[in-house]
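Trainee: Could you walk me through this fold?
Mentor: Happy to, have a look first.
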Amino acid sequence: MSAMKQSCREPEADLRAPVVLVAEDEILIRITLTQHLRNAGFRIIEASGASEAIGILSSGERVDVLFTDVRMPGDSDGIRLAQWVKQNHPGVRIVFASGEKNIGEIVHGTRLFPKPYDLEEVESYIRELVADLE
Amino acid sequence: MPYSETKYRPSPANREVVLVAEPDVFARVVLAEYLRECGFEVIEAGSAPDVLTVLRSGQEIDILLLDAQLSDGSCFNLAREVRENYPRIDVFLTFGIARSAEKAGEICDDGPLYRPYHPQEVVRRIQRLRRGLKPPSD
């Protein structure tokens, strides 16, 4: 019985796999992206906004990359989140996504993916960012 | 291939899908991870509107794990709406993380894999995250 059950299991992300925290308030977008990245072998933590993302990071959970939407409802948006991360967790790599064409200055040293973004391209970029971890 | 904002990929065949509806991000993350370890596909939602968005997108859901403290105080209405409009979904309403962890354990008992650890470990992990304990290296 356990052998049959074991064969139903799809490969799970290695515990040593890079951890990507995805902060995105639009649930269907978040689900599509996180499913793709999980299937690609990353460990994914999901946050529906900046305050949840800050909570996760503050708890001590390991995060290697933050992928955040720029505009999110609530107290903070993606840019403030990224600024907080740069101050408090400087080792976390940051990637932005935005549906707006003109969003002004983004945090220095980060990349922006305009929506709708190509999932393979996002995956490829994150792999580059964490290449030194693997 | 660019994502679509309205369509959703069908879930892989033979893998049950659990929608975890939990407003507490720590509980949601830990419960979702626990259920994934048990072999389920898991979708995470933090609010009633998000639950409805997922259901209305056509995404197949087999189990809904619904915390009674979900935002808007609307969990009972939501549970009723799901039972009326999506009758094939098993709805489990829970109160508190201990009960959520216990129910996740029961789901895992019926799932594709034996559960990897005791639900009490789920509770402890959620509590540790809430306390914001950092690993010794920080």
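Mentor: One term to start: two residues are in contact if their C-beta atoms, placed from the backbone, lie within 7 Å. This is a predicted model, where local features need pLDDT of at least 70, side-chain atom pairs count only at pLDDT 80 or more, and totals for chains, interfaces and linings use all residues. Residues are numbered from 1 along each chain as its sequence is written, while chains are lettered from A and ligands numbered from 1 in the order in which they are written.

Trainee: How many helices and strands does chain A have?
Mentor: Chain A has five helices and five strands, which are DSSP runs numbered from the N terminus (helices H or I, at least four residues; strands E, at least two).

Trainee: What's the strand order in the sheet?
Mentor: The open sheet runs β2-β1-β3-β4-β5 in chain A, with parallel pairing; strands pair if DSSP finds at least two bridges between them. Its edge strands are β2 (43-47) and β5 (111-114) of chain A.

Trainee: And which strands does helix α2 of chain A lie across?
Mentor: Helix α2 (residues 27-39) lies across β1 and β2 of chain A, at about 165° to β2(A). Angles run from 0 to 180 degrees between N-to-C directions, with axes fitted to C-alpha atoms, for helices over the stretch in contact.

Trainee: Switching topic, how do α3(A) and α4(A) cross?
Mentor: The axes of α3 (residues 50-58) and α4 (residues 78-88) of chain A come within 9 Å and cross at roughly 15°. That makes α3(A) roughly parallel to α4(A), a label for angles under 35 degrees.

Notes. Angles under 35 degrees count as roughly parallel, over 145 as roughly antiparallel, 65 to 115 as roughly perpendicular and the rest as oblique.
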